[in-house]
Amino acid sequence: MSQMNPCKKVLVVGCGLMGAGITQVIAQAGLNVIASDRTEADIERGKSQILKGISKKSNEEQQRILSHITFTTNMEDGKDSDLVVEAVPEKLEIKQQVFKQLDRFMKPEAILASNTSSLSIAAISSVTNRPEKVVGLHFFSPVPIMKLLEIVQGINTGEQTLEFAQSFAEQINKKTIVANDYPGFTVNRVLVPMLNEAAYLVMEGNDPEEVDNGMMLGANHPIGPLKLSDMIGIDVLLHTLESLYEGFNDSKYRPCPLLKRMVDAGHYGKKTGQGFYSYQKEKVLQV
Ligand SMILES: NC(=O)c1ccc[n+]([C@@H]2O[C@H](COP(=O)([O-])OP(=O)(O)OC[C@H]3O[C@@H](n4cnc5c(N)ncnc54)[C@H](O)[C@@H]3O)[C@@H](O)[C@H]2O)c1
């Protein structure tokens, strides 16, 4: 158990898919959380995701969780928080803009974390006057279900910040690993090339179901790589591959052309109803 002062209040910036999930797990753990987004409509969407996420719990438990959450369109309302978790879109300019603002109004001792999946923590921290207090807190989707919190140590991230991140993870009941600040960190660095290879197999004419069954029955994976790719989103997968490919300048990360064609066609996976599998008819897509 860590010796750190416990985290009492968290500001979450961006209440989309990840931000809403992060808000939910923090509130479930009994910490106070301020969930911010740009417009009332964004907040409403985030709020309904949280309500859906807790809908199977008792009324009393739902009320307890909601009592820990405040929604706002003004992130300065969270200025006295101990920690910020930023979950805005995966664009360096947007994140740097948010971090500049946070650095200006957050109390000096506050830790600033990004949920980025592919951007450099060093580049995000460089726009602040407290780079030693900036860290990556990479949650996995769906946040309330996935056990892991990947803590990303940037070149400037201080040891105390890492300890704080570990202690926060314990508070919200997540397991952690610490990863260095290179493209893909640890999990995506191993996972994403495997998913890319599975896409190549389909491009070469293999049946998606055969590939998935192979990995489930032969490698003991709980879900096949192509079904997992559909869940992650083919667009998100392609983007992560591109950042590995560019970040390491290494052809072993070159995205499979089939993934590009699927994105061109709008076949993003489960969210659009069509990926390696078809979710309208529950039939395998013939590619
Ligand atoms: N989707 C995933 O599976 C996943 C997994 C791990 C990490 N991530 C990372 O989490 C981050 C968020 O991803 P997401 O899937 O939740 O995206 P999303 O588009 O669902 O949510 C982003 C939210 O940020 C809000 N936003 C945009 N600009 C803002 C600003 N300036 N201030 C405040 N809010 C703003 C948007 O209105 C939106 O609600 C990204 O960095 C992504 O790479 C995503």
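Modeller: The shell around the ligand consists of nine nonpolar, seven polar and six charged residues; Ala, Val, Leu, Ile, Met, Phe, Trp, Tyr, Cys and Pro count as nonpolar, Asp, Glu, Lys and Arg as charged, and the others, Gly among them, as polar. The model is predicted: local features need pLDDT of at least 70, side-chain atom pairs count only at pLDDT 80 or more, and totals for chains, interfaces and linings use all residues. Residues are numbered from 1 along each chain as its sequence is written, and side-chain values use heavy atoms, with hydrogens and water left out.

Colleague: Which side chains place a polar atom 2.7 Å from an oxygen atom of the ligand?

Modeller: A polar contact is a pair of N or O atoms within 3.5 Å; within protein, one must be able to donate a hydrogen and the other to accept it, and residues adjacent in sequence count only if both atoms are side-chain atoms. Here Arg45 has a polar side-chain atom 2.7 Å from a ligand oxygen, and Lys95 likewise has one at 2.7 Å. For Asn115, a side-chain N or O atom is 2.9 Å from an oxygen atom of the ligand.

Colleague: Is Asp82 buried or exposed?

Modeller: Buried means under 20% relative accessible area, exposed over 50%, and partly exposed in between (1.4 Å probe, protein chains only). Asp82 is buried because its relative accessible area is 19%.

Colleague: With which side chain does Asp82 form a polar contact?

Modeller: The side chains of Asp82 and Lys107 are joined by a polar contact of 2.9 Å.
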